[in-house]
Amino acid sequence: MRRLSRRSLLAATTAAAAFSANPPATAAAVAAREPKGARRLRTGFERLAADGYTLLEGERVGIVTNPTGITRDVRHIVDVMHADDRVNLVAVFGPEHGFRGTAQAGGSEGRYDDPATGLPVYDTYLKSGQPLADIFTASGVDTVVFDIQDAGARFYTYIWTLYDCMEAARLAGKRFVVLDRPNPVTGRSAQGPVLHKEFATFVGREPISQAHGMTVAELARLFNEEFLAAPVPLDTVLMSGWKRSDFYDASGLPWVPPSPNMPTPDTALVYSGTCLFEGTNLSEGRGTTRPFELLGAEGIDRRWAAEAGQLGLPGVHFREAYFAPTFSKFQGKTVGGVQIHVHDRAAYDPVRTGIALLVTAKKVWSGFAWRSDNWIDKLTGSTQVRTMIDAGAGADEVVAAWQGELAAFRRVRGKYLLYR
């Protein structure tokens, strides 16, 4: 019998509390051993740990993660892995907002040694290609692991951190492992316009739809086969107990804000539509307790909520609202606008709703303007949305215009779906 160190005993005790069975990391073997009808969701990390980290055996491991990389009992997986002799964790790579989550939007934590574990933490934010590959090489890792909670929208930057890290790992000759987590707004379908490649930025590297309806493991497979210059050696550790129709609350997992302005799963539900207001001179609710659910500007009154309400959009009501952001646009000023109240999330279409709110805001408020840098084109993936709204198109016309490209993306997407 293997002799356990004090650190191993601690890890074994905590693992027993968090995981109920001991399936291997491979999906087929786990499915054969788990009780039929079991619906307790297990994340990729839970299954990796329950299998004794055999997928990482003999490897020097680095992990790309942030505060969402937690266990069911809210311990950070870096702390758990560092305390376990069965895995050789040697480095951490922090994305936007940082590994421990101390930075606001557009910021990161830089290079430092983590006080809790002593591990070196490297900054990946806005790094890609060979410079990021050089960081992986300098860290001395053999395998790069990714475990971050996504929000389901193309412009949420963590999926492009995934993409950039996969490409950098390929360039550095490293293996890549993705530990899967739920798409919090379900994986039922893809919605919205598809990015045109000439509009590629860090809020959209490749032509996927605005609401992609995929998990990070599914996206990793799609990126690897469709978009990377050549495939990286890739392993994915899937969840068990997750259905494509599940919203986040069905998971039983605690919600940790993936970024400072994503405080609840309700935020994620609307985000893929109302983040478009970042491309306008209206507040998208940053600096309030309901970012992306509250929208407004000085000079807007009850007419906006009334106009939006007349559209009869499924699953949502609009309430006249007034708020004073504590930072970002209109800091310290009272503005008028709407609050989005989703009453039927299965029927709700966030992208169509976001377009409808852009159209109605422009109609009722003479002060409406796009950001001068046309950021809206980066968010939507082309000039189409902006130019059609400027030309007086209604929401249904705008939505109809991208259906051909969306159908093509859905066909590609279908090849990489891993859950039913």
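The model is a predicted one: local features need pLDDT of at least 70, side-chain atom pairs count only at pLDDT 80 or more, and totals for chains, interfaces and linings use all residues. Residues are numbered from 1 along each chain as its sequence is written, and side-chain values use heavy atoms, with hydrogens and water left out. Helices (H or I, at least four residues) and strands (E, at least two) are DSSP runs, numbered from the N terminus.

**Helices α6 and α7**

- Helix α6 covers residues 158–172 and helix α7 residues 216–227; their axes come within 10 Å and cross at roughly 45°. Axes here are lines fitted to C-alpha atoms, for helices over the stretch in contact, and angles run from 0 to 180 degrees between N-to-C directions.
- The two helices are therefore oblique to each other; angles under 35 degrees count as roughly parallel, over 145 as roughly antiparallel, 65 to 115 as roughly perpendicular and the rest as oblique.
- The crossing of α6 and α7 is right-handed, meaning that the near helix is turned clockwise from the far one by less than a right angle.
- On the α6 side, Ile159, Trp160, Leu162, Tyr163 and Met166 meet Val216, Leu219, Ala220, Phe223, Asn224 and Phe227 of α7, where contact means heavy atoms within 4.5 Å.
- The residues of this α6–α7 contact comprise 10 nonpolar, 1 polar and no charged. Ala, Val, Leu, Ile, Met, Phe, Trp, Tyr, Cys and Pro count as nonpolar, Asp, Glu, Lys and Arg as charged, and the others, Gly among them, as polar.

**Helices α8 and α10**

- Helix α8 (residues 265–274) packs with helix α10 (residues 350–364) at an angle of about 55°, their axes 7 Å apart, which makes α8 oblique to α10.
- The crossing of α8 and α10 is right-handed.
- Leu269, Val270, Ser272, Gly273 and Thr274 in α8 meet Pro350, Val351, Gly354 and Leu357 in α10; by class, that contact has 5 nonpolar, 4 polar and no charged residues.

**The sheet and its helix**

- An open sheet of 3 strands has the order β10-β12-β11, with antiparallel pairing; two strands pair if DSSP finds at least two bridges between them.
- β10 (294–297) and β11 (316–323) stand at the edges with a single partner strand each, so one side of each has no neighbour in the sheet.
- The twist averages 25° from one strand to the next.
- β10 is joined to the antiparallel strand β12 (residues 335–342) by 4 bridges, and Gly296 has Gly337 in β12 as its bridge partner.
- α10 packs on the sheet, touching β10, β11 and β12, and its direction makes about 50° with that of β11.
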